[in-house]
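Welcome, and please have the model open beside you. This short report walks through a few places worth a look.

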Amino acid sequence: MGALHRLASQLLSDLSDKNYFYLFDRNSFMTSKALNMAIPGGPKFEPLYRDVNEAEEDWNEFNDINKLIVRHPIRTEYKVGFPFLYNDRPRSVKVQFYHYPFCAYIKTDDPDLPPFYFDPLINPITFYQDPVRKRTEIPEEEDDFILPDAVQPILHDTPLYTDLTATGIALYWAPRPFDLRSGATRRALDIPFVKTWYMERCASTYPVKVRVSYQKLLKCWLLNELHRHPPKALSKRSLFRALKATKFFQTTQLDWVEAGLQVCRQGYNMLSLLIHRKNLSYLHLDFNFNLKPVKTLTTKERKKSRFGNAFHLC
């Protein structure tokens, strides 16, 4: 799995911090669609509720003495991030996570680096000595306690890392399906490698057609998420057993010859009823399913008695 993840690393995204997708995830898009708003760079939809009329509000900033009057316009991000606070009538909204735990993982491009090393991106504080501040000396305490020579630290004989440590850390932060140890067999073309590309924020420096393509892909993905239903239960129920448990159905045993005769008899009855339904009293249906006239038919009667390939007029 580590080798597969290394080969696919050129196609996978380098983002591992979930806080990057704040107000740009599934719940945020659903909330913006329900509130008839559009997140910058996100998809746009038709209004979900068309009965919203600001002129017919019962309470607004002019007739409510307990409400604070906000003169500056409220940003769309505020209304989507806090739908129950900045909206008058939130309906069908989804509350998203405000903040995930801080992620300090940095994807390494050099395979020769050790798993644990000093990275200046997450260690920006450098050590320096302030000449003004005096160093406070801690007085030494005399203590006669000395550890025996046989005492060793915990995990003293265990190495800090092995050849597979870096691969294991990379798989721990890898996206699906590389973070799974087992699962159902899937075709290679069904695994969405580049799906996360259009789910990231599109830079404003890209051309307009590229940003529009991002929005269309996000819109299609969100519509599929809205129309997706939870999977049905895997416990299969037999229809015949369920019908047999009721009082309206009974079971019996027939051989193939008797069952065939029953089918032929029922088919004969059905076709006879169809003939009488069309008032074709001048046609006779025998048990061999041959349709024969009892008299010489006129042109109008022949046109009316056309039943298709199931019947044969002699």
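## Where two helices meet

Which residues in H2 meet which residues in H6? On the H2 side they are Arg26, Phe29, Met30 and Lys33, and on the H6 side they are Leu218, Trp221, Leu222, Glu225 and Leu226. Sorted by class, this contact between H2 and H6 has 6 nonpolar residues, 3 charged ones and no polar ones. Please keep in mind throughout that this is a predicted model.

Two packed helices are described by the angle between their axes and the distance between the axes. Here, helix H2 covers residues 26-34 and helix H6 covers residues 208-226. Their axes come within 11 Å and cross at roughly 90 degrees. Angles of 65 to 115 degrees count as roughly perpendicular, and H2 and H6 are therefore roughly perpendicular to each other.

## The overall layout

Stepping back, the protein has 9 helices and 2 strands. Reading from the N terminus, the order of elements is α-α-α-α-α-α-α-α-β-β-α.

The protein has 314 residues, and 19% of them count as buried. If you take the contacts between residues at least 6 apart in sequence, 56% of these join residues at least 24 apart.

In soluble globular proteins, nonpolar side chains tend to be buried together. The largest nonpolar core in this model has 13 residues, and the members that touch the most others are Phe29, Tyr198, Leu218, Trp221 and Leu222. H2 and H6 are the elements that give two or more residues to this core. H6 gives the most, with 4 residues.

Leaving out residues up to four places away in sequence, Leu218 touches Phe24, Phe29, Gly41, Gly42, Pro43, Tyr198 and Met199. Apart from this core lies another, of 10 residues, including Ile275, Leu280, Leu291 and Phe307.

Is Gln96 buried or exposed? With a relative accessible area of 9%, Gln96 is buried, since buried means under 20%. Gln96 sits in the loop between helix H4 (83-86) and helix H5 (165-172). Its side chain reaches the backbone oxygen of Val80 at 3.2 Å. Neighbours within four places in sequence aside, Gln96 is in contact with Leu23, Asp25, Asn27, Ser28, Thr31, Val80 and Gly81.

One of those partners, Thr31, lies in helix H2. Thr31 has a relative accessibility of 0% and so counts as buried. Not counting residues up to four places away in sequence, Thr31 touches Val80, Pro83, Val93, Lys94 and Gln96.

Which residues of H5 are buried? They are Thr165, Ala170 and Leu171. Helix H1 (2-7) is part of what covers the buried residues of H5.

Leu121 is also found in the loop between H4 and H5. Whereas Gln96 is buried, Leu121 is exposed, with a relative accessible area of 66%. Leu121 and Ile106 are 15 residues apart along the chain, and their C-alpha atoms are separated by 8.6 Å.

Key:
Residues numbered from 1 in each chain as written. Predicted model: local features only at pLDDT ≥ 70, side-chain atom pairs only at ≥ 80, totals over all residues. Heavy atoms only, no water. Axes fitted to C-alpha atoms, helices over the stretch in contact; angles between N-to-C directions. Parallel < 35°, antiparallel > 145°, perpendicular 65-115°, else oblique. Contact = heavy atoms within 4.5 Å. Nonpolar A, V, L, I, M, F, W, Y, C, P; charged D, E, K, R; others polar. Buried < 20%, exposed > 50% of the residue type's maximum accessible area, 1.4 Å probe, protein only. Polar contact = N/O pair within 3.5 Å; in protein donor to acceptor, adjacent residues only side chain to side chain. Core = buried A, V, L, I, M, F, W, Y, C linked by side-chain atoms within 4.5 Å.
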